[in-house]
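This note is meant for a colleague who is meeting the structure for the first time. It takes up the ligand site and then the nonpolar cores.

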Amino acid sequence: MSVPPPDLTGRQVVLGVTGSIAAYKAALLVRLLKKAGAEVRVLMTPDAERFVSPLTLGTLSENEVLTEIFPENEDGSWTKHVTLGQWADLFVVAPATAQTIAKLAHGFCDSMLTATALSARCPLLVCPAMDRDMYRHAATQDNLDRLREIGYAVMPAEHGELASGLVGQGRMPEPEAILERIAERVDGKNPPAAGRASEPGAPPLTGTEVLVTAGPTREPIDPVRVLTNPSTGTMGYALAEAAAQRGASVTLVTGPTALDPPTGMEVVQVETAAEMHEAVQARRETADYVFMAAAVADYTPADPSSSKRKKADTDAPFVLHLRRTPDILETLGTHKRPGQVLVGFALETDNALDNARRKLDHKNLDWIAVNNLRDEGAGFGPTNRITLLGHDGTVEELPLMPKADVADALLNRVLAAQSEETS
Ligand code: C5P
């Protein structure tokens with residue numbers, strides 16, 4: 001889905017650039033910010049200058065780039081970190097190295113960038129970029145959790161090829177994605193609502209693996225026709241993003257949707273229920289949490305044709321034989337390992353709670369999120385109203401909310417129950 005570029009006319013953005021190979025992408029980000037109408041001031045750490053020149057970023061931003069708190073040509077302006085901190089509508093650090101993340105998390109201020117971050121009164125956004133093992137390291141993840149706790153937004157690093165030759169999570173998100181996130185933060189369209197990951201107190205998922213399924217499946221009748229359903233994937237994508245925000249290593253297995261693939265996680269695109277089954281089974285053992293938000297087809301054509309079926313000349317009914325698809329969640333329930341948390345979804349039209357409770361028991365789930373298509377705002381649209389049933393008999397009704405908020409509330413509830421169980 002292509003979205004128009006955001007309008008940042010008159011917005012004042014401080015961009016902090018640190019010493020990562022991804023610093024070259026900062027030049028593109030400056031250009032995008034300027035094209036969107038923002039005023040940009042760039043701050044670099046001394047190491048960043050090894051990767052990209054201040055002249056490049058200064059020319060693109062049309063402003064002097066600052067690095068040291070105490071400039072060599074002393075002009076009495078050593079308090080610029082304070083002035084800039086107050087000037088900024090948003091402070092974004094992209095790329096943010098493990099070193100700078102550690103400094104920001106602990107309040108070090110040994111450069112213009114870190115000192116300005118400490119003075120800033122505006123929202124702050126950090127876009128980590130580093131090698132896979134540095135990113136995974138408990139020290140880095142703790143520092144990122146600390147940043148979230150003190151109100152920074154963190155854009156999870158992306159999964160992919162890294163400069164070291166390794167493949168894993170650690171790539172800086174693309175400048176276009178960062179620009180979008182900047183626009184949301186500046187506009188306050190995505191303010192940290194109560195209990196959101198960027199708010200103090202939202203339980204983290206650091207060091208855990210989360211597997212989420214989303215969207216519909218498409219079952220081929222012949223090469224040009226499919227059986228499918230109107231699932232948009234919004235609920236599953238929101239859950240995957242919320243889990244990634246809390247520091248989990250997320251895999252999203254998604255059927256075909258019109259949504260942009262989220263960054264900062266492994267995204268596996270599938271078409272059929274059988275493909276989704278295979279992708280999920282391959283990952284089930286290491287997953288700590290599984291959220292099956294996909295609307296998986298229960299039946300698939302028993303004998304899909306390899307060539308296009310022709311229209312008959314008669315009015316006789318067209319008969320299509322269907323066979324059951326594998327029940328992915330049921331298989332997960334059968335093989336559930338101790339400590340693994342399985343969450344299913346049930347979209348019902350009649351006897352919603354009774355049906356859902358039967359599924360919860362039958363599929364050996366820990367939770368099931370039930371919504372009733374007959375409830376206004378629940379189902380295939382941007383909002384949802386769910387009732388959460390727990391295996392321990394818990395019944396919790398959540399209010400009608402945007403799906404991103406439902407995702408956060410659901411994670412909060414599942415994690416709270418788990419910490420009650422272990423304490
Ligand atoms: O279709 P049903 O209402 O039983 O779906 C309940 C849950 O089971 C959902 O979480 C859905 O993703 C999952 N499911 C599945 N495999 C199927 C059908 C449903 O994993 N073939």
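**Notes on the ligand site and the cores**

1. In this predicted model, a backbone N or O atom of Ala-294 is placed 2.7 Å from an oxygen atom of the ligand. Two further residues take part through their backbones: a backbone N or O atom of Phe-345 lies 2.8 Å from a ligand oxygen, and one of Leu-329 lies 2.9 Å from a ligand oxygen.

2. The ligand, taken alone, exposes 440 Å², and the protein buries 90% of that area.

3. Around the ligand there are 14 residues. Those that come nearest are Met-292, Ala-294, Leu-329, Phe-345 and Lys-359.

4. Turning to the cores, the largest nonpolar core comprises 35 residues. Within this core, the residues with the most contacts are Leu-15, Val-17, Leu-33, Leu-57, Val-92, Ile-178 and Ile-182.

5. Two or more residues of this core come from each of the strands β1 (12-17), β2 (39-44), β3 (90-96) and β4 (124-128), and from each of the helices α1 (24-35) and α8 (175-187). The greatest contribution is that of α1, with six residues.

6. Which residues does Ile-182 contact, leaving aside its neighbours within four places in sequence? They are Leu-8, Leu-29, Leu-33, Leu-90, Val-92 and Leu-125.

Key:
Residues are numbered from 1 along each chain as its sequence is written. This is a predicted model: local features need pLDDT of at least 70, side-chain atom pairs count only at pLDDT 80 or more; totals for chains, interfaces and linings use all residues. Side-chain values use heavy atoms; hydrogens and water are left out. A nonpolar core is a set of buried Ala, Val, Leu, Ile, Met, Phe, Trp, Tyr and Cys residues joined through side-chain atoms within 4.5 Å. Buried means under 20% relative accessible area, exposed over 50%, partly exposed in between (1.4 Å probe, protein chains only). Helices (H or I, at least four residues) and strands (E, at least two) are DSSP runs, numbered from the N terminus. Contact means heavy atoms within 4.5 Å. A residue is near a molecule or strand if one of its heavy atoms lies within 4 Å of it. A polar contact is a pair of N or O atoms within 3.5 Å; within protein, one must be able to donate a hydrogen and the other to accept it, and residues adjacent in sequence count only if both atoms are side-chain atoms. Accessible areas come from the Shrake-Rupley method with a 1.4 Å probe; for residues, only the protein chains shown count as cover.
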